[in-house]
Amino acid sequence: MVFQLTKRLAFPDPHWGDPDGLLAIGGDLSVDRLILAYSNGIFPWYAFREKVIQWWCPLQRFVIFPEEIHISHSMRTLMNKDKYKVTFNHAFEQVIRNCSKLRIEQEGAWLGEEMIEAYIRMYEQNLVASVEVWEGNKLVGGLYGVTLGTCFFGESMFSLVPSASKLALIRLAQLLHAHGGTLIDCQFETPHLKSMGGRFISYEEYMECLKAE
């Protein structure tokens, strides 16, 4: 079942949603609603051309545990060359706009101006983080996501050179692991993320991670 949200700041029980994970439509992209959503494993997908905010919460969650990140031999070789520099929270708006620009013409594109502005508001409140990959002074890759408690909720990534987004994800996992981070939420399975250690867990196990101190 897909629910219609109102102005009331609330979400239905994710167990009542559709089997594919679609839970609700409507509502808004306020910081308070986004915090409530992510705190319950719910994330927005704004079909901006149709002006419809969708809220998703799959009950089988595809995640990466930071200590389980897989670093291939080719990635280790690349990292040892020190060809690229990785930074954190140095160019958030550049990262999110690159993520948007590379997919904006695709069917189902969701990262329009309203979503960008919503995540900028969250970034200003230290609720979103970015990872940047640089070749010299040029931004060539990165990712961003929401940070709540010990969890990172990945939203989007981009690469302008081979393996830049993989490098960003590896450095993120290493940073989280070193500082007690417990989980990277990947939202949906992709071959790219599966090859890097992604796996499914139940919604119940997922929520235990979210609630862990």
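# Cysteines, strands and a pocket

The sulfur of Cys-151 lies 6.1 Å from the closest cysteine sulfur, which belongs to Cys-209, and that is too far for a bond. The model is predicted. The disulfide count comes to 0.

**Cysteines**

- A disulfide is a covalent bond that links the sulfur atoms of two cysteines.
- The cut-off here is a sulfur pair within 2.5 Å. The sulfur of Cys-151 has its closest cysteine sulfur at 6.1 Å, so the two are too far apart for a bond.
- Cys-209 is likewise in no disulfide, and its nearest cysteine sulfur is that of Cys-151.
- Cys-151 has a relative accessible area of 3%, so this residue is buried.
- Cys-209 also counts as buried, at 12% relative accessibility.

- Strand β8 spans residues 138-148 and is mostly covered, with 9 of its 11 residues buried.
- β7 and β8 are antiparallel and share 8 bridges.
- Within that pairing, Val-133 has Gly-141 in β8 as its bridge partner.
- The hairpin of β8 and β9 has 2 residues between its strands. Gly-149 takes a positive phi near 60° there.

**The four-stranded sheet**

- An open sheet of 4 strands runs in the order β1-β2-β4-β3, and its pairing is mixed.
- β1 (3-5) and β3 (43-47) are the edge strands. Each has a single partner strand, so one side of each is left without a neighbour in the sheet.
- Neighbouring strands of this sheet are turned by 30° against each other on average, ignoring direction.
- β3 pairs with β4 (residues 52-56) in the antiparallel sense, over 5 bridges.
- Trp-45 has its bridge partner in β4, namely Gln-54.

**Second largest pocket**

- The second largest pocket holds about 230 Å³ of space.
- Its lining has 16 residues. Closest to the centre are Thr-147, Phe-152, Leu-172, Leu-175 and Leu-176.
- β7 (128-135), β9 (151-159) and α5 (164-178) each supply at least two lining residues.
- By class, the lining has 8 nonpolar and 8 polar residues, with no charged ones.

**Positive phi outside glycine**

- Asn-126 has a positive phi, near 60°, and is a residue other than glycine.
- Asn-126 sits in the loop between α4 (113-124) and β7. Its relative accessible area is 66%, so Asn-126 is exposed.
- Ser-163 is another residue other than glycine with a positive phi, in this case near 75°.
- Ser-163 is in the loop between β9 and α5. At 27% relative accessibility, Ser-163 counts as partly exposed.

Conventions:
Residues are numbered from 1 along each chain as its sequence is written. This is a predicted model: local features need pLDDT of at least 70, side-chain atom pairs count only at pLDDT 80 or more; totals for chains, interfaces and linings use all residues. Side-chain values use heavy atoms; hydrogens and water are left out. On a 1 Å grid over the protein atoms alone, a cavity is a set of points where a 1.4 Å probe fits but cannot get out, and a pocket is an open set with protein on both sides within 12 Å along at least five of seven lines; lining residues have an atom within 4 Å of a point. Grid points are joined across faces, edges and corners, and a volume is the space filled by probe spheres set on the points. Ala, Val, Leu, Ile, Met, Phe, Trp, Tyr, Cys and Pro count as nonpolar, Asp, Glu, Lys and Arg as charged, and the others, Gly among them, as polar. Two strands pair if DSSP finds at least two bridges between them. Axes are lines fitted to C-alpha atoms, for helices over the stretch in contact, and angles run from 0 to 180 degrees between N-to-C directions. Buried means under 20% relative accessible area, exposed over 50%, partly exposed in between (1.4 Å probe, protein chains only).
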